[in-house]
Each structure stands twice: as structure tokens, then as C-alpha cells.
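Here's a quick tour for anyone opening this one for the first time. Take a look at the sequence and the model, then read on.

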Amino acid sequence: METNKENEAKRHTTPLSFGEGQGGEAPSTPLSFGEGQGGEASLTTPSKDGFFGQYGGAYVPEILYKCVHDLQDAYLPIIESDEFKKEYRSLLKDYVGRPSPLYYAKRMSERYGCQLYLKREDLNHTGAHKINNTIGQILLARKMGKKRIIAETGAGQHGVATATVCALFDMECEIYMGKTDVERQHPNVERMKMLGAKVHPVTTGNMTLSDACSAAIRDWCCHPEDTFYIVGSTMGPHPYPDIVAKMQSIISEEIKGQLQEKIGRDYPDYLIACVGGGSNAAGTIYHYVDDDRVKIVLAEAGGHGIDTDYTAATIHCGTEGIIHGARTLVMQTDDGQIKEAFTISAGLDYPGIGPMHAYLAQKGREKVLAINDDEAIYAGYELTRTEGIIPAIESAHAVAALKHLKFNPDDVVVLTVSGRGDKDMNTYLNHKEMAKEYGKF
């Protein structure tokens, strides 16, 4: 029997490709956009209809059917072409500054009894991992003949990365950002404007990331012919979860080579990353999901706690539903209405989760921890005082996961610092009480 949630979804969306895709697992984990290992199925590649198990697909308004279908047909031939790969890799190297360092955190290693390496995505141009994806998607948009770019943003890092590549390629850019986030991430708002983007504060709902996504989709519905929507995370209708994961897979590709150079093997014992929609987490784990030697630990935003109404811990608190064009885990009421997510972290403030992560969590491949606001703030200060690295509050959730884990002294742990904390200084300073001994200044 269909649930109210499924009936509600059918009334408001047009499924592009739901039905037969759920059963099979798709081809092997590629080393780069589909080349490489061959043979066994991969948990990171969706079926041709865009499903990871029962999660994924494309549920979009009728007016977007052609846009999304055209993208589904075009993206793999484009991103697998030699011309695309050459330009993409060149920009990652010379413009973004890749490879990002893999830094051995000596004092944190001693504190937590392991061999801790930090993957420094915070050192990329624009200060986060988001640029890996926007570089790829704007190249894709240009190949498809699109003239106008739109995007959603929460913490502002994806907005800044999108505005950056639009400035680079002289393309019109409009960014949708919840009014709450505009206020708490003001430096990034001004960066977007300086780069030439038009920033639209969104005043619906709780005025955060989910509402920004909805506003961007409404814009896309009004301008389907000339507009390309650069989605910032592994969410949305197929093929976006796959596109974003592939663009971010450069992270784990580099980790393999860097570990081989540093420790003589190409895999860690643990991978740790924060997860909201799931882009930096997808990039961190992409080339390791099929490697059972590697434990995967993700940190989602617990807010005030998963036993309260003030949380963004979708994997802990969500149920199956449809949000922003994909079937996944969603924080929702019994009758299918989306609940407001709550967290101190603007970039994790989303009531859904990418379908790949919903599937991997269901399969038990990912261990997901709910990290509360106070834990994240403390961990951000701890990394700052211990290693001299101020992480984004999103990344601080991953740092906080270390206290929840027990390591052996020789365990190699790679933790992705997805972004730098410049944008979060006001939040850090306004919550010094959460930093305990570190906040006494």
C-alpha cells in the first residue's frame, strides 16, 4: 500500500525513471570518471536510471523533464571525453591548486592514539572542496550550450565557488541563499557579490539551505532552456548525485597516491568526513567504498541532539521520502511534510541526504555519528589550538567524531578538512562557552 508520502510525491513531481533501477548494482568504482578497475560492482555508481538501491531517481516538474533528460544523456559522454578531462585536470592543478596536501597531524595523533592525517581541502582556491565540483559542472554547462548559471548555497562556500567559475568564464550567475544564512555567513555573501554574482536572500521556510534549493529549482523551472543549475552536493535528481560524486572523487584519488608515498600503502584504516548533502564525504570515500579494509565514519549534524526537534541528523532521524527531485532519507512528518533542519552549521543544515549515502548507511558500509553543536564548536577550537588550523564548522563535526572512536596506535586515519573557518569566525566567537577551556580569551 502506498503511503501518504508517496501519494504526495506523485501529485507534485513527475518521475523520470523510477521502477526497475533499484535492484542491481552498477559497474566498478572508476579511478577517474569511469576508467579503471573493472569487474565487480560498485556501491558508488548508480544504475542507469539513477538509483542506489531504492534511493535516487529523478522526480521533477514536467517543465524540467527535458532539461534533466538532456543532462542525463549528455553528462557521461562529455566528462569521459579526453578534451574535458584535459581541461578539467589542468584547471584543478593550475587554478584550484591541487593536489591538496595530506598533512600528518602529530599533536592530534598523540592525543587520540592513532596516525592522523588531514586532507586539506581548506587550502583549495576559495577555501573548500566545492570548487572541485563547480569547475567540472561549468565546463559541462558550456559544452551543453548554456548561458546562465544558478546555484543554491548554505554556508556560502558552494556559492562562492560557483561565482568564482562564472567570473572565470564570464557567465551570468545568480545564487539563492536562505536569509538566515545570509546573516550568519556575511563574508561569503560579499565575496559572491564582489565576484559578480547576484545573491537572492530566500525568506520562505526557516530560510536556510533547503529553502535555497527550492528557490533555485523554481528559477530553473522559469528558465529551462538557457539555464544550468550547478548543484552543490550529492543530492537532487539523477544525474546530479553521480556528477557531484565524480567531480569530488579527486579527493580520494589523491589520498591513495599520497598515502602510498607517505606510508607505503594506498589505503587508510579509517576515513572520516562530515556529511550534509554529502559532497565532500562522497569525494573522500569514492575510491575506497569497495575496499573492506577501510572503515568509513561520517559525522552528521546533531544540532541540539537527535532526541530533540532541533537537529539535522537525517540518517538518524529521517525516513524514506522525496526531496528536491530524489527519493532518499528525509526528515519529515508522518504525512510527508518536510521538517525544518537545525544545526549551528549552515553547510549541514539540510533535511535530506544524498541517495548514495542513504544507501551506504542502509548497507552498513558507513558508520554515521550525530555530532551536536557544542561538540563541533569544541572540536573546531581543539584543532585550532592543537594544530594551528581553523576548520569550517562543517569540518569540525568530523574532528569531533574522533572522540567517539577507539583506535589502535598504528591505525592510519584520514580526516577531510572540507573547508576553512574564516566564514565562521562570528559563530565561533559567539559560542566560546561551548569551547570550554579553549574559549577563555
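## A parallel sheet

Two strands count as paired if DSSP finds at least two bridges between them. Strands (E, at least two residues) and helices (H or I, at least four) are DSSP runs, numbered from the N terminus.

Zoom out and you get an open sheet of four strands, in the order 11-10-9-12, with parallel pairing. Its edges are strand 11 (198-202) and strand 12 (227-229), each of which pairs on one side only. On average, neighbouring strands here are turned by 25° against each other, direction ignored. Helix 5 (residues 130-143) lies across strand 9 and strand 12, and runs at about 155° to strand 12. Those angles run from 0 to 180 degrees between N-to-C directions, using axes fitted to C-alpha atoms, for helices over the stretch in contact. Contact means heavy atoms within 4.5 Å.

This is a predicted model, where local features need pLDDT of at least 70 and side-chain atom pairs count only at pLDDT 80 or more, while totals for chains, interfaces and linings use all residues. Residues are numbered from 1 along each chain as its sequence is written, and side-chain values use heavy atoms, leaving out hydrogens and water.

## A hairpin

Strand 15 (residues 319-323) and strand 16 (residues 326-330) pair the antiparallel way, over five bridges. Isoleucine 323 has alanine 326 in strand 16 as its bridge partner. Two residues sit between the strands of this hairpin, and histidine 324 takes a positive phi near 50° there.

## Tucked in or out in the open?

How many of the eight residues of helix 16 (residues 393-400) are buried? Eight of the eight are, so helix 16 is largely enclosed by the rest of the structure. Among them are Glu394 and His397. Buried means under 20% relative accessible area, exposed means over 50%, and partly exposed is in between (1.4 Å probe, protein chains only).

Aspartate 291 sits in the loop between helix 12 (279-285) and strand 14 (295-303). Its relative accessibility is 13%, so aspartate 291 counts as buried. Leaving aside residues up to four places away in sequence, aspartate 291 touches Tyr267 and Arg365.

Leucine 429, found in helix 17 (residues 425-430), is partly exposed, with a relative accessible area of 40%.
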